[in-house]
Amino acid sequence: MSGLLTRGHPAAVAAIAAMIAGPTPHALLIAGPQGVGKTTLALDLAAGLMCDAPDPADRPCRACRGCRLVESGGHADLHWLAPGGAGDQIRIGLRSEPEPGTIRRLVSELALLPVEGGARVALIERAERLNEDAQSALLKTLEEPPPGVAIILCVEREDQLLPTVRSRCIRLRLGPVGTRDIEAILADQGVADASTAGRFARLSGGRPGLARAWALAPEAVTARAEIVRSIVDLLKAAPARRLAAIRELIARAADVERALSRVNGVTPTAPITTGGRRPRRATAPAATSPTTAATAGSGDPAGTGEAATPADGAARTDGAATADEETDEARDTRAPASERRRAATTLVSIWRDVARDLAVAGLGDERLVRDAGLLDELRAAAGIPPAEMGAFLERLDRSGELIEANASPELVLDVLVLSWPRLPVAA
């Protein structure tokens, strides 16, 4: 077990070590929040199965050719799929000559003999982005995989997979990682000192991958802080101001998402691949002006922005459109739907953290607050009943599901901001 890189999940690590020693399940489902360590655990299993060490107890050794190829993502028998394209999907592929990065292409490649002569592993990240047809196309291989093949599905929510898919897999569920474990991970990687690592560990909610991304993207931390304080300020805002502010928040959330993707994510538009090549990590986008960057991430179909809002914060009602508004509308029209959904999902995630901290502070246990820098604002908002904030947390979860189901991100967020609890001005 010393060769396994996963930390903070002792039960899951023990299960993976047993699978490496044998027998290995033909299909494994690893479920847990984004950034909690699902891919690291899956690669631990892949490295153990492809390791060349003669003694199974020493696998993965992290020194042999097989281990090095798995670590670099270049093993010919490691088939790696991830969502991509405008729809952020893993496609089923054509029946004849399926294109690379599709389920049918993966099934056809798994039917071939291994290149290295050992085990073969198919790793499907965010498998919930398989539609029903793609999941059905994978069923036969899940039931009767070729000899020596292990299929690993990584998902954030199991209920988004078909029951027939779930029933054919051994399941491992990963929960949040302890703060101390995340601090140790960040310290070992040299990305943060002890005090900063503790802060990022709390902000991440027990997800080491997200904590590492925060540590490597200070611009994302700055943008997140702006979003958090704006959300708290909206507790006292009138509906018109809320609707105007939500567009600004979407734009800043897009900045956060892009910054995190550059350091700890996969490029959304990168081609999904098979045959031992991991999907490319995100690279810095082409240089754009601040205005272009903000509007490209906002997804605002109406062209509403700061320039279209009067100085007193009231929404425009005359229907007149200036040249700047028309330009913003044209830019927003070109923003891909997948980019707008990712920005909205990021905003909902940050909003959930704020609502959680408000609910916890309202119950009087400030030790459980994740963002300690927000304590003064949380105390000032103590007039909101915890039950009301708890109901809004449920609404946030439903909103996230609607965005994932391709509902209009702007419409979902408009409804959400109008439902945000109101703090009486006198309080």
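# Loops, helices and buried rings

Reader: Glu97 lies in the loop between which strand and which helix?

Author: Bear in mind that you're looking at a predicted model. The loop that holds Glu97 runs between strand 2 (78–81) and helix 4.

Reader: Is Glu97 buried or exposed?

Author: The cut-off for exposed is over 50% relative accessible area. Glu97 has a relative accessible area of 74%, so it counts as exposed.

Reader: What is phi of Glu97 near?

Author: Most residues other than glycine have a negative phi. Glu97 isn't a glycine, yet its phi is positive. The value is near 50 degrees.

Reader: And phi of Asn406, what is that near?

Author: Asn406 turns up in the loop between helix 16 and helix 17, and its relative accessible area of 48% makes it partly exposed. Phi is positive here too, in a residue other than glycine. For Asn406 the value is near 75 degrees.

Reader: Ala405 is in that loop as well, so is Ala405 buried or exposed?

Author: Ala405 has its place between helix 16 (386–404) and helix 17. Its C-alpha atom is separated by 9.9 Å from that of Arg341, 64 residues apart along the chain. With a relative accessible area of 57%, Ala405 is exposed.

Reader: Which residue takes a positive phi just after helix 8?

Author: Helix 8 (residues 194–203) has several buried residues, including Ala197, Phe200 and Leu203. Those buried residues pack against helix 7 (179–189), helix 9 (208–216), helix 10 (218–233) and helix 14. Just past helix 8 comes a phi of about 65 degrees, and it belongs to Gly205.

Reader: At what angle do helix 4 and helix 5 pack?

Author: Two packed helices are described by the angle between their axes and the distance between the axes. For helix 4 (residues 103–110) and helix 5 (residues 132–143), the axes are 9 Å apart and the angle is about 10 degrees. Angles under 35 degrees count as roughly parallel, and that makes helix 4 roughly parallel to helix 5. The angle you asked for is about 10 degrees.

Reader: How many nonpolar residues does the contact of helix 4 with helix 5 have?

Author: Helix 4 brings Ile103, Val107 and Leu110, which meet Ala134, Ala137, Leu138 and Thr141 of helix 5. By class, one residue in this contact is polar and no residue is charged. The nonpolar count is six.

Reader: Are Trp351 and Trp420 stacked or edge-to-face?

Author: A search of the whole structure finds three aromatic pairs. In the Trp351 and Trp420 pair, the ring centres are 5.7 Å apart and the planes sit at 75 degrees. Planes over 60 degrees apart count as edge-to-face, so with that angle the pair of Trp351 and Trp420 is edge-to-face.

Reader: How many residues apart are Trp351 and Trp420?

Author: Trp351 belongs to helix 14 (residues 337–362), while Trp420 is in the segment after helix 17 (409–419). The pair links distant parts of the chain, and the two are 69 residues apart.

Reader: Which residue forms one aromatic cluster with Trp351 and Trp420?

Author: Trp351 counts as buried because its relative accessibility is 0%. Trp420 is buried too, because its relative accessibility is 2%. The cluster they belong to also has Phe392.

Reader: With which side chain does the side chain of Thr6 make a polar contact?

Author: Thr6 is in the segment before helix 1 (10–21), and at 10% relative accessibility it counts as buried. Its side chain reaches the backbone nitrogen of Leu41 at 3.4 Å. The side-chain partner, at 2.7 Å, is Asp44.

Reader: What kind of peptide bond joins Gly22 and Pro23?

Author: Most peptide bonds are trans. Pro23 is in the loop between helix 1 and strand 1 (27–31), and omega between Gly22 and Pro23 is about -5 degrees. That bond is cis.

Conventions:
Residues are numbered from 1 along each chain as its sequence is written. This is a predicted model: local features need pLDDT of at least 70, side-chain atom pairs count only at pLDDT 80 or more; totals for chains, interfaces and linings use all residues. Side-chain values use heavy atoms; hydrogens and water are left out. Axes are lines fitted to C-alpha atoms, for helices over the stretch in contact, and angles run from 0 to 180 degrees between N-to-C directions. Helices (H or I, at least four residues) and strands (E, at least two) are DSSP runs, numbered from the N terminus. Angles under 35 degrees count as roughly parallel, over 145 as roughly antiparallel, 65 to 115 as roughly perpendicular and the rest as oblique. Contact means heavy atoms within 4.5 Å. Ala, Val, Leu, Ile, Met, Phe, Trp, Tyr, Cys and Pro count as nonpolar, Asp, Glu, Lys and Arg as charged, and the others, Gly among them, as polar. Rings of Phe, Tyr and Trp (its six-membered ring) pair if their centres lie within 6.5 Å; planes under 30 degrees apart count as stacked, over 60 as edge-to-face and the rest as tilted. Buried means under 20% relative accessible area, exposed over 50%, partly exposed in between (1.4 Å probe, protein chains only). A polar contact is a pair of N or O atoms within 3.5 Å; within protein, one must be able to donate a hydrogen and the other to accept it, and residues adjacent in sequence count only if both atoms are side-chain atoms.
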